[in-house]
Amino acid sequence: MALAFDEYGRPFIILREQESKSRLRGLDAQKSNIAAGVAVSRILRTSLGPKGMDKMLQSPDGDITITNDGATILEQMDVDNQIGKLMVELSRSQDYEIGDGTTGVVVMAGALLEQAERLLERGIHPIRVAEGFEISSRIAVDHLEQISHKFDFSATNIEPLVQTCMTTLSSKIVNRCKRSLAEIAVKGVMAVADLERKDVNLDLIKVEGKVGGKLEDTELIYGIIVDKDMSHPQMPKQIEDAKIAILTCPFEPPKPKTKHKVDIDTVEKFQTLREQERKYFDDMVQRCKDVGATLVICQWGFDDEANHLLMHRNLPAVRWVGGVELELIAIATGGRIVPRFQELTPEKLGKAGLVREKAFGTTKDRMLYIEHCANSRAVTVFIRGGNKMMIEETKRSIHDALCVARNLIRNNSIVYGGGAAEISCSIAYAIRAFADALDSVPMALAENSGLQPIETLSAVKAQQIKEKNPCCGIDCNDAGTNDMREQNVFETLIGKQQQILLATQVVKMILKIDDVISPSEY
Amino acid sequence: MKPTPTTCSPKIHQPQTTSTRTVSRGRTQSEIEEEWLARSAGIQVERLFKDEATEEKGERARMASFVGAMAIADLVKTTLGPKGMDKILQSTGRGHSVTVTNDGATILKSLHIDNPAAKVLIDISKVQDDEVGDGTTSVVVLAGELLREAEKLVATKIHPMTIISGYRMAADCARSALLERVMDNKEDAEKFRSDLMKIAMTTLSSKILSQDKEHFATLAVDAVMRLKVSSSLYFGSTNLESIQIIKKAGGSLKDSFLDEGFILDKKIGLGQPKRIENANILVANTAMDTDKVKIYGARVRVDSMAKVAQIEGAEKEKMREKVQKIIGHGINCFVNRQLIYNFPEELFADAGILAIEHADFDGIERLALVTGGEIASTFDNPESVKLGHCKLIEEIMIGEDKLIHFSGVEMGQACTIVLRGASFHVLDEAERSLHDALCVLSQTVNDSRVLLGGGWPEMVMAKAVDELARKTPGKKSHAIDAFSRALLAIPTTIADNAGLDSAELIAQLRAEHHKENSNAGIDVITGSVGDMGELGISEAFKVKQAVLLSATEAAEMILRVDEIITCAPRRREDRM
C-alpha cells in the first residue's frame, strides 16, 4: 500500500487501521468488480426466456420461494458483495419502473461487463469503454424507436394487449394457462385504466391468493375481496343492494387523545356513567341505522355489546378491515371513509350490488366478496393454486403482466421479442463490444431452449440482414418459424429501452471504480 | 389438535449433504466453468453471498431436491392403503407427548425439514388436508414417484422442460380419462346415500377405525346428511363446525355414538335444576364477573371506607339488575361464554334458572345454531331477542364425566359425535380419521361425482396415459410414459403394504384393464384382483382430481428449479 511520509520519515495515517483493510486498485479492482457482476448475471442467465429454469430460495427463516423473476431472486439472495448489491439495485429499479424484464436487464449488464473486461485487457482505458457504451446505448435506443411498431387497441379490441402479456407470462411457471391469465390481467388493467390520460393506477388492482383449487380457477372479480368474515356468526351471509358505511372509528366508548381521568366517587356518578355508556352504544348503532346503511365495514374492533346490538338491529358488520382494503372499498363503492359517527350521512355511504361471504375448503376460511359496485374502477384478481409457493409465484407473474399491460397503455409501441430486437440493434451499428453484449440475450435464450446458441444466432442474424426484417428472433417454442410477428411474441418498447439504459448506466458505474477498500476478514 | 414439533429419524433432516457428496464426485460442468471464469478473470471472485449462505447449482441442485422429495415420499409411503402402518411421533417439547397416526398430513406437519423440495411436498399435503381433507398421503406419494421417474429421465439427458410438458399433457389426459368414467348418483337419493357409505368406509378402512368401519361410516354419513338437508339454504356449505366431536376415554370404539342433540362439555352450577323440560335458552356473550365501566379512563377515587362500601353496593346492584333483566327474558336456561361469578350464579339458582358458564366460543356458536337463538350481549329489549328452544336439558354421564345434553332441538343441522376409546392416542387418531371421513363426505355432497377405489382410478389413468404416450411423437413421450409408471406406483404401494405380491397383482390388473370398462382393482382382504363395484369400494372424484393436479403441479415446480440458494439461517437465542 502506498504510504506518504512527513519530513521525519513517519508515515501519514491515511486510512484508519490500514493494516486490517484489504485494498484493490487499478485494473485489479475493475477486474474483481467485473467478476462479481458477471457472477450475479450468470445466476440469472438460466432463468431467461420461455424455457428458462426456476431458482429455489430459502430465506433465513426457512421459507421457500420458487421463482424465475429476476428481481425476486436477487432480492432474496442475501448478496454480500458490493458490486453484487449494485446488480440487485439494478433489477429492482427495472422492477419499479417497468415491472418486467428484470432478468433481462441483469443478463444484459453481465454481458456488457464481460465485453468491457476484454477491452480492458487490451489496454483501453475504462473511461473510454464507458463512454463508448454510453454512445452505443443511445444509438441502440434510437434504433429501437425506429423498428418499433405502434399498434392499435381499444376498450373493445384487447387482443394485442393479451398477446403481449402472454409473452411475459410464457416464461413463468403459469404458462400452462397463460391465455386466461393474460386475459385476466388485461381486463383488469382496462377496467381501471384512464385511457384519456393514458395512465393506470395499479393500486386499484388487488391481487389476492388462496391456496386450494387449481390454477384454472383464477378469476377476475369486478369488486373487492376482503379476507374477513362477518363479526357475528349469525349475521346474514349475503346482502343485496348493500349500502355500506365505511368507518374508521371503533364501536367502542370514546377514547380521547388527551390524558384524562374520570373519577367515580359517589354511587350516583357510577350509575350515570353506566347509563351514559349504554346510551353511547345505542347511539352509535342507531346512527348507522338512521342513515340507511345495510352493512358496516369498520377498521377497528367492536365491543361485544356493540356487536350484539348490530346483530340485533339487523345491521351486518365487518371488523378489523385493513386500511388499504378500506380505501379500495371506498373507491369501488363510491363511498366516503367516515372517521366519526357524527359525520355519517346518507351521501357518504358506498353502494354495492351484492355482498356475500364465501367459504373455502374444509377449514373455517371465509372471505367477503363485494361485487357489482357503484364504481367498477377497482378490481381484484383472485388466484387459486395447489400450494403456497405456486400462489406466490402466480402473484408475481400477474404483477408482471399487469405492468406490461399498463406500459402499453402508456405507450403503445412494441418491439418484437424472442431476442429479435437485440439482434436487430446489434446489426445496426458497429461498436463491436456493445453489439456482442446485445447478442448475449438471444444467445442465452437459445441456450436455455436447448438450441445451438452460436449457430442459431448467426442464422437468425443472417436472415435479418437478408430479409431486412427486424422481426426475426429465436424460436424458443419449436413453433417452426423465426418471425416473431407470426408467433405473436411482443415486448414493450419502453421496457426494452429502459433495460438497455439501466444496464449501461450500471456498467458505467462499475467501470469507473478503480479502488476498493474493504475491511479484511477477521 | 395443534401439531407439536416432533423429531423423526435423522436421515431425513439433511439428505442433500450426504447424497450430493456421493453423486457429484466427478466435477460438474458448472464447477469447471466457474473455475475457468475465475482463472480468466485473474482474480478469484470474492464471496458473493453472506457467510453461511450456500448455493447449489445445476445437477447438484436438482439432485438435492429429488433426494429430499423422495425421502419424504418414502417416509409416508408405508402408511398408504388399508394395510398401511402407523407412525409414532414424539414431540421435542415439554413432556415429549406422543402421537400415533397414519394420517399423512399430520405426520408431515410435525416434521422439521431442512430440505426445500421436501417443504414443497409438505405444503401440498397440508393444502390437500385443508381443501378436501383426505388423500394427504397419496398426493405426496404420487409427487414423489413423479420426481423419481423424472430423475431417471434427467439421467438420460432429457431436459426438465421436456419432462414438464410431457407431464402436463399426461395430467390432462389422466383427468379426462377419470371424467369419462365418473358416476353421478345425485338424482337418486337412495343410491347417493349408499355411495356416501361406500366412500366413508373406504376412507375409514385405512385408519384405526377400520374394525368398526361400518359403524363409523354410518355415523359420519348420518352427520353429513343432516348438514346437507338444512344447509341447502346457502349453497354448498361444507361447514363442518356444526358437527361436534367429543372425545371421552373409556369404553371401546364401538361405544361411540351420534347424538341428535347437542352435548356441552360443562357442569351445571350448584343448586340449579339438573333437568329442564321445554327449555327457553338465552345464549350470551357478556361479562358476568364484574361488569366494568368501559368508558376510557374511568376510575374510582374515594375518600372513606363507607364510600367504598357504597360503590360496591352499587356494583352489586348493577349486577343484580343485569341478572334481573336476563331473567326477564322468560328463560330457564342461560349459557354464557364468559365466566359467571358466584354472586350472579346464586341469583340464577334462586330464580331456578340453569346457568352454564365459560362455554368456549365454538360451543356458543354451535349452541346458538342448534337451538335457533341468537348470541346476545345486551339485555335491554327482551321482546326482540330470539331465544333458543329445546325439549329437554339434562345432565348425562359418559364414562366418569358429567355433561349437559340438549335434546329435541329446533334445527337439525348440528349434531354431536361422542367418541369412546381405550386411550387418548386412540381417541386422537379416531378423531382425525373421522374428520377425514367427514371432510370427504361433505365435499362429495357438493360434488357428487364418484369413482371406484382400490387402485382402480390409477389403473384407468395409467391406461389412458399409456395410449397417449404411444401416440405422441418426440421426447415428450418418454415423460408421458414415466407419468403412467408413477401412477402405477400407488396400487403397487397399496399391495406392497398389504404384504401382497405387487408385481404379480399389478400385471394382472393391467391385463384386466385392457378390456373395456373393467372395474378391477386390488382386493386387499383376499389378496387378489376383484371387482371394485361389487366390493363397494368408492372414492370421491374431487379427492382424486386434487391429488392428481397438485402432485403434478408440485413435481413441475421442483423440476423447474436449477439452482438453490439458501440464506444464512437467522440466529436465534438458544432458549433451552
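This passage looks at chain B as a whole, then at a pair of its helices, and finally at one residue of chain A. The model is a predicted one.

Chain B has 576 residues, of which 55% count as buried. Its secondary structure consists of 18 helices and 21 strands. Among the contacts in chain B with a separation of 6 or more, 76% are between residues 24 or more positions apart. The chain exposes about 25300 Å², and carbon and sulfur atoms supply 51% of that area.

Helix α7 (residues 160-181) of chain B meets helix α18 (residues 541-560) of chain B, with axes that come within 10 Å and cross at roughly 175°. Angles over 145 degrees count as roughly antiparallel, and α7(B) and α18(B) are therefore roughly antiparallel to each other. On the α7(B) side, the residues making the contact include Ile163(B), Tyr167(B), Ala171(B) and Leu178(B), while α18(B) contributes, among them, Phe541(B), Leu548(B), Thr552(B) and Leu559(B). By type, the residues of this contact comprise 13 nonpolar, 2 polar and 5 charged.

In chain A, attention turns to Met56(A), which lies in strand β2 (residues 54-58). Is this residue buried or exposed? Met56(A) has a relative accessible area of 0% and is therefore buried. Leaving aside neighbours within four places in sequence, Met56(A) is in contact with residues including Ile64(A) and Ile66(A) of chain A, and Pro116(B), Val120(B), Val561(B) and Ile564(B) of chain B. Thr67(A) is 11 residues from Met56(A) in sequence, and their C-alpha atoms are 6.7 Å apart in space.

Terms used:
Residues numbered from 1 in each chain as written. Chains lettered and ligands numbered in written order. Predicted model: local features only at pLDDT ≥ 70, side-chain atom pairs only at ≥ 80, totals over all residues. Heavy atoms only, no water. Helix = DSSP H or I, 4+ residues; strand = E, 2+ residues; numbered from the N terminus. Buried < 20%, exposed > 50% of the residue type's maximum accessible area, 1.4 Å probe, protein only. Contact = heavy atoms within 4.5 Å. Areas by Shrake-Rupley, 256 points an atom, 1.4 Å probe, with all protein chains shown as cover. Axes fitted to C-alpha atoms, helices over the stretch in contact; angles between N-to-C directions. Parallel < 35°, antiparallel > 145°, perpendicular 65-115°, else oblique. Nonpolar A, V, L, I, M, F, W, Y, C, P; charged D, E, K, R; others polar.
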